[in-house]
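Hi,

Here is the structure I promised to pass on. Could you load it and keep it open while you read my notes?

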Amino acid sequence: MSFKAARRYAYAMFQSAVELGILEECNRDMELIHETIEAASDLELFLKSPIIKKDDKRQVLLKVFEKNVTKETMVLIHLLVSKGRESTLKQIAQRFSELYKEHKNILDVEVQTAFELDDQQTSELRKALENVTRKIVHLKTQVDVDLKGGLAVRIHDTMYDGTVRHKMSQLKQQFSRENV
């Protein structure tokens with residue numbers, strides 16, 4: 001139920017931000033909110049606690065965010081607290097970010113490599129992925145020396161594995177099936 005509510009609030013906030021022409025500002029607000037709650041697990045537990053009073057939650061959220069976000073985002077925060085939905089704030093921020101990326105045609109892509117990519121390799125990989133996906137690609141790279149070579153690319157829930165480790169595993173399976 002909270003997931004559905006978070007989606008509705010995020011969509012309403014997104015639509016409002018588009019209509020008011022403050023999409024970039026609201027996206028920065030939502031990134032800040034998500035990062036803050038993600039980094040402070042105590043804050044997330046505090047917001048989810050049924051024991052803590054609404055006014056106490058409102059005061060903490062005011063202190064943490066009031067000087068750093070737009071007034072429209074603060075209106076959302078006040079609304080959430082008054083409706084008892086403050087525990088969904090992190091989910092709302094995350095869904096808002098997803099809507100923003102869809103709107104801007106941005107795709108987050110995770111790449112694992114056996115070695116650190118230099119700037120030229122990263123740029124070429126980004127361009128190749130942008131040509132294939134027809135989206136603006138934001139790369140997040142990670143080095144995993146156990147891959148031996150090649151790279152693995154994750155787009156949403158799909159993994160494209162072109163690593164040496166994966167190829168060796170496939171060969172091993174093929175040989176065992178053929179009794180070589």
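Below are my notes on the helix packing, the sheet and a few single residues.

Some ground rules before the details. This is a predicted model, so keep in mind that local features need pLDDT of at least 70 and side-chain atom pairs count only at pLDDT 80 or more, while totals for chains, interfaces and linings use all residues. Residues are numbered from 1 along each chain as its sequence is written, and side-chain values use heavy atoms, with hydrogens and water left out.

**Helices**

The labels H and E are DSSP runs numbered from the N terminus: helices are H or I with at least four residues, strands are E with at least two. Two packed helices are described by the angle between their axes and the distance between the axes. Axes here are lines fitted to C-alpha atoms (for helices, over the stretch in contact), and angles run from 0 to 180 degrees between N-to-C directions.

Start with helix H1 (residues 2-20) and H2, whose axes come within 8 Å and cross at roughly 145 degrees. On the H1 side the contact (heavy atoms within 4.5 Å) uses Met 13, Phe 14, Ala 17 and Val 18, and on the H2 side Leu 23, Cys 26 and Met 30. By class that gives 7 nonpolar, no polar and no charged residues. For the classes, Ala, Val, Leu, Ile, Met, Phe, Trp, Tyr, Cys and Pro count as nonpolar, Asp, Glu, Lys and Arg as charged, and the others, Gly among them, as polar.

Helix H2 (residues 23-39) also packs on helix H6 (residues 89-104), at an angle of about 140 degrees and with the axes 8 Å apart. H2 and H6 are therefore oblique to each other; the scheme is that angles under 35 degrees are roughly parallel, over 145 roughly antiparallel, 65 to 115 roughly perpendicular, and the rest oblique. H2 passes H6 in a left-handed crossing, meaning that the near helix is turned anticlockwise from the far one by less than a right angle, with clockwise being right-handed. Among the residues that meet there are Met 30, Ile 33 and Ile 37 in H2 and Ala 93, Phe 96 and Tyr 100 in H6.

How do H4 and H5 cross, and at what angle? The axes of helix H4 (residues 54-65) and helix H5 (residues 71-82) come within 10 Å and cross at roughly 165 degrees, which makes H4 roughly antiparallel to H5. The crossing is right-handed. H4 brings Lys 54, Arg 58, Leu 61, Leu 62 and Phe 65, and H5 brings Met 74, Ile 77, His 78, Val 81 and Ser 82. Those residues divide into 6 nonpolar, 2 polar and 2 charged.

Thr 73 is also found in H5, and it is worth a click. Thr 73 is buried, at a relative accessible area of 0%; buried means under 20%, exposed over 50% and partly exposed in between, with a 1.4 Å probe and protein chains only. Leaving out residues up to four places away in sequence, Thr 73 touches Met 13, Cys 26, Asp 29, Met 30 and Ile 33.

**Sheet**

The open sheet has 4 strands in the order E2-E1-E3-E4, with mixed pairing, where two strands pair if DSSP finds at least two bridges between them. Strand E2 (136-143) and strand E4 (158-163) are the edges, each pairing on one side only. From one strand to the next the twist averages 20 degrees. Helix H7 (residues 119-133) packs on the sheet and touches E1, E2 and E3, its direction making about 135 degrees with that of E2.

Strand E1 (residues 106-113) and strand E3 (residues 150-155) pair in the antiparallel sense over 5 bridges, and Gln 112 stands opposite Ala 152 in E3. E3 and E4 are antiparallel too, over 6 bridges, with Leu 151 opposite Gly 162 in E4.

**Loops**

E3 and E4 form a hairpin with 2 residues between them, and His 156 in the turn has a positive phi of about 55 degrees. At 63% relative accessibility, His 156 counts as exposed. Asn 105, in the loop between H6 and E1, has a phi near 60 degrees, again positive in a residue other than glycine. Asn 105 is partly exposed at 31%.

Finally, Arg 85 sits in the loop between H5 and H6 and is partly exposed at 22%. Arg 85 and Tyr 9 are 76 residues apart in sequence and 9.8 Å apart in space, C-alpha to C-alpha.

Cheers
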